[in-house]
Amino acid sequence: MSEEQAEFKPPDQDGSLSSLFLRAESVSGKCYVVTFAPQHNRTLADLKPAEIIPIIDTWTKLYSAHISPSSPLAKAASATTLPPSSHHADPTRPQAQYRYMQIFENKGAAMGCSNPHPHGQIWTTTSLPEEPALELEQFQKYHREQGGCHMLEDYAKLESDVQERVVAENEAFIAVCPWWATWPFEVLVIPRQHKRALTDFSPTEKQQMAEILSEVTRRYDNLFETQFPYSMGLHQAPLEGSEYEIECSYFHIHFYPPLLRSATVRKFLVGYEMMAEPQRDITPEQAAERLRRCGGPLYREKVDQGR
C-alpha cells in the first residue's frame, strides 16, 4: 500500500459474470511503524504508564495530522506541520484525504510478528475497512433507536455495575472480557464516557489510558508467565465522514490473544468454528477472574529480583 501507485481502473461493467462476481476498487494509503522503546526487550507490559504516554501522544499526533479539515474532529486536533526529516519528526499532511486510520500491534511470532523489537503499525487508507464499518453501522443504529445513547457507553455502565467480566478499571476506562468474546482471554477497553477519537482525551485521561494498557498487558504476561501474544487495535472515528458518523463513533481498544491453556497451547478457529460459529472454551467470566488474579508486579521483574 502506497501513496504513489498506479491508479486501478476497473473493467467496464458489461453485464458479464466477471463484472457481477469479480469486483475490485483502488485503495491507496500510508503506513507508519511506531517503536515503543529504544530497548529490544521492553514490551508494553514492561513499560510504566509514564513510558506509555509518549506512545499515545504519537498515535494522537499521527491521527490528528490526517483528519479531514471538514471533520468535526478538526477543531479538537492540534496541527502537526514539521517535515519528517529527523528521527523524531512529526508527519506532514498526506497527499490524499484518507478515510480511516487503523492503529494496531501484533505481538509475538504466534501473531505473525517478524520483528522482535516491540512496535506497532499504523495503516491509513482511502477506504473504510470492513470491521470498523460494521461497528459504525451498529453504533448509528443504536444511537437512532435508543434516543441518542451510545452503545459502548451503555455497555461500559452495564459491565461496571455487574463486575463479573471486569479485568481492570479506573476513573476513565474499564477493561472487560466482553460477553460476546471469541478468543479465550479477549479484552475490550472502553472509555466510560463518549469519546470519538484520540483527539478527545485530556492529558489526565491519556494517563489513565496508559494505566489501563499497562494493567491489561502485564496481566496477560503474568497469566502464563510468558511474552503473551496478541493482536491489539484501536477503533475510533473515521478521518473523514459525515457529522453523524463522527458523532456516533466511539473510541475503544480490542485485544485478541490466541493462548488458551498455557504458553504453548493456543486456540484454533477450525472445524465447527470456521464453518458455523465460534465456540467458547472458557466463559468470559472465568477469563476475567483469572486475569484479575494476575495483577501486581510483572513476573519477569520478580524473577530478576530473585537472582
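**View 1. The largest nonpolar core of this predicted model has 55 residues.** Trp59, Val187 and Phe255 are the residues with the most contacts inside this core. A nonpolar core here is a set of buried Ala, Val, Leu, Ile, Met, Phe, Trp, Tyr and Cys residues joined through side-chain atoms within 4.5 Å. Buried means under 20% relative accessible area, exposed means over 50%, and partly exposed lies in between, all with a 1.4 Å probe and protein chains only. Helix 5 (residues 203-224) gives the most to the core, with eight residues. Helices (H or I, at least four residues) and strands (E, at least two) are DSSP runs, numbered from the N terminus. In soluble globular proteins, nonpolar side chains tend to be buried together.

A few notes before you zoom in. Residues are numbered from 1 along each chain as its sequence is written, and side-chain values use heavy atoms, with hydrogens and water left out. Since the model is predicted, local features need pLDDT of at least 70 and side-chain atom pairs count only at pLDDT 80 or more, while totals for chains, interfaces and linings use all residues.

**View 2. Val187 and its contacts.** Leaving aside neighbours within four places in sequence, Val187 is in contact with residues including Val167, Cys177, Pro178, Tyr220, Phe255 and Leu291. Contact means heavy atoms within 4.5 Å.

**View 3. Ile212 sits in helix 5.** Ile212 counts as buried because its relative accessibility is 1%. Which residues touch Ile212, leaving aside its neighbours within four places in sequence? They are Ala168, Glu169, Asn170, Phe173, Ala175 and Val189. The C-alpha atoms of Ile212 and Ile190, which are 22 residues apart along the chain, are separated by 10.0 Å.

**View 4. Helix 5 packs with helix 8 (residues 284-292).** The angle is about 90 degrees and the axes are 9 Å apart, so helix 5 is roughly perpendicular to helix 8. Axes are lines fitted to C-alpha atoms, for helices over the stretch in contact, and angles run from 0 to 180 degrees between N-to-C directions. Angles under 35 degrees count as roughly parallel, over 145 as roughly antiparallel, 65 to 115 as roughly perpendicular and the rest as oblique. Arg219, Tyr220, Leu223 and Phe224 in helix 5 meet Arg290, Leu291 and Arg292 in helix 8. By class, this contact has four nonpolar, no polar and three charged residues. For these classes, Ala, Val, Leu, Ile, Met, Phe, Trp, Tyr, Cys and Pro count as nonpolar, Asp, Glu, Lys and Arg as charged, and the others, Gly among them, as polar.

**View 5. Helix 3 (residues 130-145) packs with helix 4.** Their axes are 9 Å apart at an angle of about 80 degrees, and the two helices are therefore roughly perpendicular to each other. Gln138, Phe139 and Tyr142 in helix 3 meet Met151, Leu152 and Asp154 in helix 4. The contact divides into four nonpolar residues, one polar and one charged.

**View 6. Gln163 and Glu225 lie in loops.** Gln163, between helix 4 (151-162) and strand 4 (166-169), has a positive phi of about 75 degrees although it is not a glycine. Its relative accessible area of 33% makes Gln163 partly exposed. Glu225, between helix 5 and strand 7 (230-235), has a positive phi of about 50 degrees, again without being a glycine. Glu225 is exposed, with a relative accessible area of 53%.
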